[in-house]
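Here is a friendly note to read with the structure open beside you. Take the points one at a time and find each place in the viewer as you go.

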Amino acid sequence: MPSDSGLIFEIERFATFDGPGIRTVVFMSSCPLCCAWCANPESRDPKRRLMYWKNRCAGCLRCAASCPAEALTAGSGGITIDYRRCDCCGVCAEGCNAQALTLAGELMTAGEVMERVSRDSVFYEQTGGGVTFSGGEPFARFDFLFSLVTEARNRGFHICVETTSCAPKEQIARLSPFINIFLYDIKCIDDAKHIKWTGVSNKLILENYRYLAGNGAGITVRMPLIPSINDGEDDLKQARDFFLELSPRTRIDLLPYHRLGVTKYERLGLAYPLTGLEPPGAESIRRIKTFFEEAGFTTTIGG
Amino acid sequence: MELWKISKFSGFHLEPPLWAGAPSRIEAIRGKVFEAVQSVCPQRARYLTKAYMENQSDPMIKRRAKAFRSVLRNIDLFIEDHQLLAGNYAARPRAASIFPEYSVNWLLDEIDELPRRQGDRFAVNRDDRDELIGIAEWWKGKTLEDRCLATLPEPVLDIYATGVLAAGGNMTSGDGHIMLDFEAILREGASGIIAGASEKLEALDLTQPENHHKRIFYESVIIAYQGMIAYAERYSSMLAALAETEKDERRRAELAGLSGICGRVPRLPASTFHEAVQTVWFAHLLSQIESNGHSMSFGRLDQYLYPYYKQDLDAGEITGGKAVELLACLWLKSFGVIKIRPWSHTRFSGGSPTYQNLTLGGITPGGGDAVNELTYLCLDSIALTRLPQPNVSARYNELNPDAYLKKCMDVIAIGFGMPAMHSDRMMIPSLMDRGVSAEDANNYAIVGCIEPIVPGKFGYRAAGMTFTNFAKLLEIALNGGADPRTGILIEDPGVSLGTASSFEEIMTAFRTLMKRTIELRVQGEHCIDFALEELVPDAFCAGLISGCIARGKTPKEGGSIYDLVTGPETGIVNAANSLEAIRDIVFDKGVLSGARLAEILRSNFDGKEAGNIRLLLLNKAGKFGNDIDRVDELAALVYRIFMEEQEKYPTARRGQGPIGCLSYPCTATISGNVPSGAIVGASAEGRFAGEPLTEGCSPYHGTDKNGPTALLRSVAKMPTRLITGGNLLNMKFAPSSMASDEGKEKMMGLIKAFYKLGGWHVQFNIISTDTLLRAQTHPEEHRDLVVRVAGYSALFNELEQSTQNDIIARTEHAL
């Protein structure tokens, strides 16, 4: 894959919760973390994946007949995809008039991405908006992110990157002068817990945070609130103390756990890891918001 | 509580004690209004018909002026409890008057159906029914509709029968769509209008033949304004009598005060804010008692009433709270004007709307910021009444303060769709292109829905002339020029969808049909225009349309300063989407033949294979509203083909004095998209036979998938500046998008960006929790419902039910 192209799994226009103003969010595939609550499972691997939208399926079964890899079979509940066989050639999706089969992920060059992003430039100008690179983890394809940020910079766009910054410090340092706001995902401070629920250590994440905060980078913290996983008293105190030490004036966006990803897992033929978990109650969310506000942070629910 | 919060946002602080008094009065009147059952009132028809019978020897305009005066001298008067303004549309609350001189055939056919039709029902008591039938019998053969039907050429009647053109409303309900020169009546009073007409009358040299008609015209104007004065004086006496017997001291003072006001205005110039509001109401009301057309509009009330408000405020005679109360009383009055229409016309205008538009904001004729304290108070009063009338239009100009735009957002967030937002940036140059002077263009106001006109200077029919149905026209063009439903042949273009060998041939067929359609449209409009001119001339209205007194003629005869008319075009987006599907699927990709597609459309996508082809057409061919250049350009081309034909023809006033005398495009389709779709067969965009067409320039429902910015960009790519009659767009948003100040600021930016791109109008529907609940039970009707949650958005109907419930819960939380 050349350095100026990469897999984009969605470009969302009129995003109003991912940085200031009206924005376009570019969702890049690939992520080194594997969070149990991930709402965008299609973004983890740097490859395309066939999605099946059961509610759209007209039941014509032409896909099963057309698949060169014989990866599709028809059953009583619709189509079953054998992901070991599917090589994402796209023949079935092309022929599916109901759009029940779609390919998640499109290989695009930085120029192509920016052509799409530029369409809404007048909306950014009027609202102080711009482009937000999200994922997946944008730094997972550093060379591509570098091309995208350069292109965005050349067009004068306000740039946000939604990231865990689980990447080498040199990469973070190299791009940080061009990024207006890091929407910085911090799940929890306790490393053992972090490893348990995301699959990786948070050492690098916290070090990079220390580096960016120390260098005056624009940061908005984004913290998911996953009931019983990272919303305990100790978790919150540790997070509060960490931010108080490094960035006492930062804004914190609390992102309450939601189950919007469930349908997506089904479409991708994946098992949802947190089956029994319920979203946090309004009272619990308010309490946590107050907790951070009392420590002096501007705190919002949902960004 | 909610309303108090809104008022604070305006930056205009009302005194809490006064404010606390206003809602109770307004809520009391409002509650009564909603309790009343809509009914039919025979009194206007009774007194008008009697006067018509008694004055048969008079020329029509004079006979009508006498009839108008007779109605005002005789109709029963009443005043609602708590109301601070006098004057009613009929003899009892929420009653519709009957206008037999326009049409009675429908009344004779439908009177017994009125209480039980599918929508817009009216109660009719036995005596009223019998009286109205008697009146209607006398009118048979003498009405406007009878004249139109007697003079319309056969081919025009044929094309009306196919539904490509619809002009029934014009024949049964008349013109409307006009805005009086309210400044003139405020400044001069009715006695001043009479004096002006008398002066012109006396100066006429009656040896000159052209002055014969002028004499009759001036005499008629004088009669009409005598009627106006008599009506107000009757109110003055009635209110004085009521005051005498009133027990409540406060109400007694109000009634006595109002009696005094009605004794002075509208006869004399208004001298206080209360007198000015009462004068506006009398003039606006009487124009709606005189003639039957709807969309009689208030114009720039925040401009012409401001001097009266300021003067009273400076003198300590009024407060902001009192002004809000009087304005709210005015809106409650305007809601009392109820139109009854034949069922055929009702389907195009569902919900008994009267489209009494109120325009706020913008710039002054001289080009300065026009937003003032009264602008904010108007918005406060609208938030207080939350009624379908008046139809509120907010002009936005870059010179207007952000506080004003923010205030508009606060009112929109309440969720009743108002105010609609209009762009000065596009409307002013568009009017100037049509010959309107810069000063007049700066002073535009909205009539009806979205159509900009110059207050007091435009003649009738700034909108709503003839509906042209593009989807039906395309269906006929693809079918060899004949309507599959009625078999009527409009014109054979030489090809059909089944025989065309290229997309260019399809476009040529479309052009051929468009050319013929516009010829017939214009022929029909001339017949109707001349019938209106001859049979229902309006002396009262003419007295307050600038130019008419000077020229001695009605607007219909060419008395107004400008004569610019429109008729809405419906289904433009359906036609463009269908043409794109044909171009893409049949000619570019060759997936299926034109003949096969024609067969599938005829079957209305019947059967499994045809059903799958429907999905192909619906999902795989590009659709308008997604920022896809080739589709958006096709939509613009489709509309330009219409414009090229339309601009060839002048209106019936050519050479009679007004500037313009031309008609231009407009996409204000009101609820006409539903009946217009009912007669169109399956279309190539994947639409089933009979489904509603798109509304205005909005996308076909559920097919705009790239969000609001993409939609706004598509709409802005239409040749908007040429659509001087207005380009209508409705958008839906979740309440959460407007719940916070940050959200409102983003919406403000969205509007500003749309206008920079060249947008014309946008109206927001804020989706309520009720809608979300309905979307769960009727997902098929809410396919396009997008819900947005932090960093993630989805089509509501594609979420699991528990997630939907979660979103409903959150939305309530957000509110």
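Predicted model: local features only at pLDDT ≥ 70, side-chain atom pairs only at ≥ 80, totals over all residues.

**Notes for a first look**

1. Most residues other than glycine have a negative phi. Is Ser228(A) buried or exposed? Ser228(A) counts as exposed because it has 10 C-beta neighbours inside 10 Å.

2. Now look at Ser30(A), in the loop between strand S2 (23–28) and strand S3 (49–52) of chain A. Ser30(A) also has a positive phi, near 95 degrees.

3. The predictor gives the complex an ipTM of 0.93 and a pTM of 0.92. For chain B the average pLDDT is 91, and 93% of the residues score at least 70.

4. How is chain A divided? The assignment gives domain 1 (5–46 + 106–301) and domain 2 (49–100). The C-alpha centres of these two domains of chain A are 32 Å apart. Four residues of domain 1 of chain A are in contact with six residues of domain 2 of chain A. On the domain 1 side of that contact in chain A there are one nonpolar, one polar and two charged residues.

5. Chain B is split into domain 1 (36–151 + 178–292) and domain 2 (457–716), with C-alpha centres 37 Å apart. Their contact involves 34 residues of domain 1 of chain B and 22 residues of domain 2 of chain B. Which helix of chain B gives the largest share of the domain 1 side? The answer is H11(B), with eight residues. By class, the domain 1 side in chain B has 22 nonpolar, five polar and seven charged residues.

6. The largest nonpolar core has 325 residues, and those touching the most other members are Val26(A), Met228(B), Ala576(B) and Ala635(B). Helix H11 (residues 211–245) of chain B provides the largest share of this core, 14 residues. To see part of the packing, select Ala576(B): beyond its neighbours within four places in sequence, Ala576(B) contacts Phe624(B), Val631(B), Leu634(B), Ala635(B) and Val638(B). A separate core of 13 residues includes Leu72(A), Ile79(A), Cys96(A) and Leu101(A).

7. Val156(B), Ile159(B) and Thr162(B) are its buried residues to look for. Why do the buried residues of H8(B) line one face of the helix? Seen down the axis of H8(B), they fall within an arc of 120 degrees, so they line one face. An α-helix has 3.6 residues a turn, so residues three or four places apart point the same way. The buried residues of H8(B) pack against strand S3 (165–166), helix H22 (470–478) and helix H23 (503–535) of chain B. Just after H8(B), Gly163(B) takes a positive phi of about 95 degrees.

8. Compare that with helix H31 (residues 707–716) of chain B, where 10 of the 10 residues are buried, so H31(B) is largely enclosed by the rest of the structure. Both chains take part in covering the buried residues of H31(B): the cover includes strand S1 (5–15) and helix H4 (121–127) of chain A, together with helix H29 (629–646), strand S13 (730–733) and helix H32 (741–757) of chain B.

9. Finally, check two peptide bonds. Most peptide bonds are trans. The bond joining Val265(B) and Pro266(B) is cis, with omega about 5 degrees, and Pro266(B) is in the loop between helix H12 (249–264) and H13 of chain B. The bond from Gln389(B) to Pro390(B) is also cis, with omega near -10 degrees. Pro390(B) lies in the loop between helix H18 (373–385) and strand S5 (391–396) of chain B.

Definitions and conventions:
Residues numbered from 1 in each chain as written. Chains lettered and ligands numbered in written order. pLDDT = per-residue confidence, 0-100. Domains from an automatic or database assignment. Contact = placed C-beta atoms within 7 Å. Nonpolar A, V, L, I, M, F, W, Y, C, P; charged D, E, K, R; others polar. Core = buried A, V, L, I, M, F, W, Y, C linked by C-beta atoms within 7 Å. Buried ≥ 20, exposed ≤ 12 C-beta atoms within 10 Å, placed from the backbone. Helix = DSSP H or I, 4+ residues; strand = E, 2+ residues; numbered from the N terminus. Arc of directions from axis to C-beta.
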